[in-house]
Amino acid sequence: MSQPAKKNSIFVPPNLSIGMDQLQLKQSVYESISQKIYQMAGLYLPYNEKNVALMGNRLARLMRDHGVKSYDELNEALRIPSEKLKKDFISAMTTNKTDFFREEAHFHFLKAQLPEKLKAQSEVRIWSSACSTGAEAYTCAILAAENFSPAERQKIKILATDIDHDILGKAVKAQYSSLEMEGLQPHLRNKYFKPIAKQLFELSPELSKSVHFSEFNLMNFQHRFQKKFDFIFCRNVLIYFDKTTTENVLDMLVANLEVKGYLIIGHSESGVIRHPCLKSLGNAIFQKVRN
Ligand SMILES: C[S@@+](CC[C@H](N)C(=O)[O-])C[C@H]1O[C@@H](n2cnc3c(N)ncnc32)[C@H](O)[C@@H]1O
């Protein structure tokens, strides 16, 4: 747990060639900016030294790109932001860390459950609801390609969404550095990716086209998709929300999940899940047991 920042402490971001006196992140301005990201994306960043430093680092590039010269000016601009500033602000404040086959037990589970669903249903729907670079959704596509027939794979529909428009652009491109592909076994990397530049690989179009990407904010609590999902991945994002937001997001996810469908969250997040329609199966996996 980081200590609360001293009342008058300031953050001065690195590498900005503008007057330091203009770049003090005062507590009042910090709180106003953090309130805005809370309202827009649900990200809860209480005032403490760690979060002040995090926000300062995250906003440095945004301010440079938008020609904003102080936190006060940024705070003012965010009162009624342009669509571009809003998207860039959200993009700057989100954490996109992800990996292929991250928390691998979840994909063993998916592989084990798919045959029964494929047998019983004309379509099996998977939603990667905070998909970041697409690694999670493409892991599902690779798993399907490795384990199921073309006819079965046709029945598997994968939707991947995120609030961050920049990261979605990257996800659609499906190009990854060797570092970003560390979670992938070499034989899978060789089979499904082709090198396109030094240390850069691209997923085969057959697989990248099998995932549909779209922008979606989990704060859209009332949203109901036309068809419900059989598997919802909502991993490593609930940790950024407070209790109220988590409960509202959970209600929305459960409403969009089929009965007997599965909600899969991050291992570090399973403690926060309590829902009358969900039964815990362990390993941060929950099954919807009733409407
Ligand atoms: C740490 S990544 C997790 C990626 C992936 N689920 C995984 O576990 O590897 C968190 C993602 O959540 C997204 N995110 C944050 N707030 C969101 C919101 N309100 N709605 C949708 N996505 C959000 C971020 O943009 C980021 O890409």
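The model is a predicted one, and residues are numbered from 1 along each chain.

**Stop 1: the two domains**

Start with the whole protein chain and colour residues 20–93 and 105–288 separately. These are domain 1 (20–93) and domain 2 (105–288). Their C-alpha centres lie 30 Å apart. Now look at where they meet: 7 residues of domain 1 are in contact with 11 residues of domain 2. Select helix 4, residues 83–93, which supplies the largest share of the side of domain 1 that touches domain 2, namely 3 residues. By class, that side of domain 1 has 4 nonpolar, 2 polar and 1 charged residues.

**Stop 2: the ligand**

Select the ligand and the residues around it. Which residues come nearest to the ligand? Of the 24 residues around it, the nearest are Thr94, Thr98, Ala130, Ser132 and Leu218. Colouring this shell by class gives 9 nonpolar, 9 polar and 6 charged residues. Both domains take part here, since at least three residues of the shell are drawn from each of domain 1 and domain 2.

**Stop 3**

Strands of a sheet pair through backbone hydrogen bonds, either parallel or antiparallel. Select strand 2, residues 156–162. Is strand 2 mostly covered or mostly open? Strand 2 is mostly covered, with 6 of its 7 residues buried.

Strand 1 pairs with strand 2 in the parallel sense, over 5 bridges. To find one place where they line up, pick Ser128, which stands opposite Ala160 in strand 2.

**Stop 4: an open sheet of three strands**

Select strand 3 (175–177), then strand 4 (193–197) and strand 5 (200–203). In what order do the strands of this open sheet lie? The order is 3-5-4, and the pairing is antiparallel. Strand 3 and strand 4 stand at the edges; each has a single partner strand, so one side of each has no neighbour in the sheet. Turn the view to see the twist, which averages 40° from one strand to the next.

Zoom in on strand 3 and strand 5, which run antiparallel and are joined by 3 bridges.

**Stop 5: two residues with positive phi**

Pick Ala174, in the loop between helix 8 (165–173) and strand 3 (175–177). Phi of Ala174 is near 60°, a positive value in a residue other than glycine. Then pick Gln199, in the loop between strand 4 (193–197) and strand 5 (200–203). Phi of Gln199 is likewise positive, near 60°, and this residue is not glycine either.

Now show the surroundings of each. Is Ala174 buried or exposed? A residue is buried if 20 or more other C-beta atoms lie within 10 Å of its own, and exposed if 12 or fewer do. Ala174 has 23 other C-beta atoms within 10 Å, so Ala174 is buried. Gln199 has 11 other C-beta atoms within 10 Å, so Gln199 is exposed.

Definitions and conventions:
This is a predicted model: local features need pLDDT of at least 70, side-chain atom pairs count only at pLDDT 80 or more; totals for chains, interfaces and linings use all residues. Helices (H or I, at least four residues) and strands (E, at least two) are DSSP runs, numbered from the N terminus. Two strands pair if DSSP finds at least two bridges between them. A residue is near a molecule or strand if its C-beta atom, placed from the backbone, lies within 6 Å of it. Ala, Val, Leu, Ile, Met, Phe, Trp, Tyr, Cys and Pro count as nonpolar, Asp, Glu, Lys and Arg as charged, and the others, Gly among them, as polar. Domain bounds come from an automatic or database domain assignment. Two residues are in contact if their C-beta atoms, placed from the backbone, lie within 7 Å. Axes are lines fitted to C-alpha atoms, for helices over the stretch in contact, and angles run from 0 to 180 degrees between N-to-C directions.
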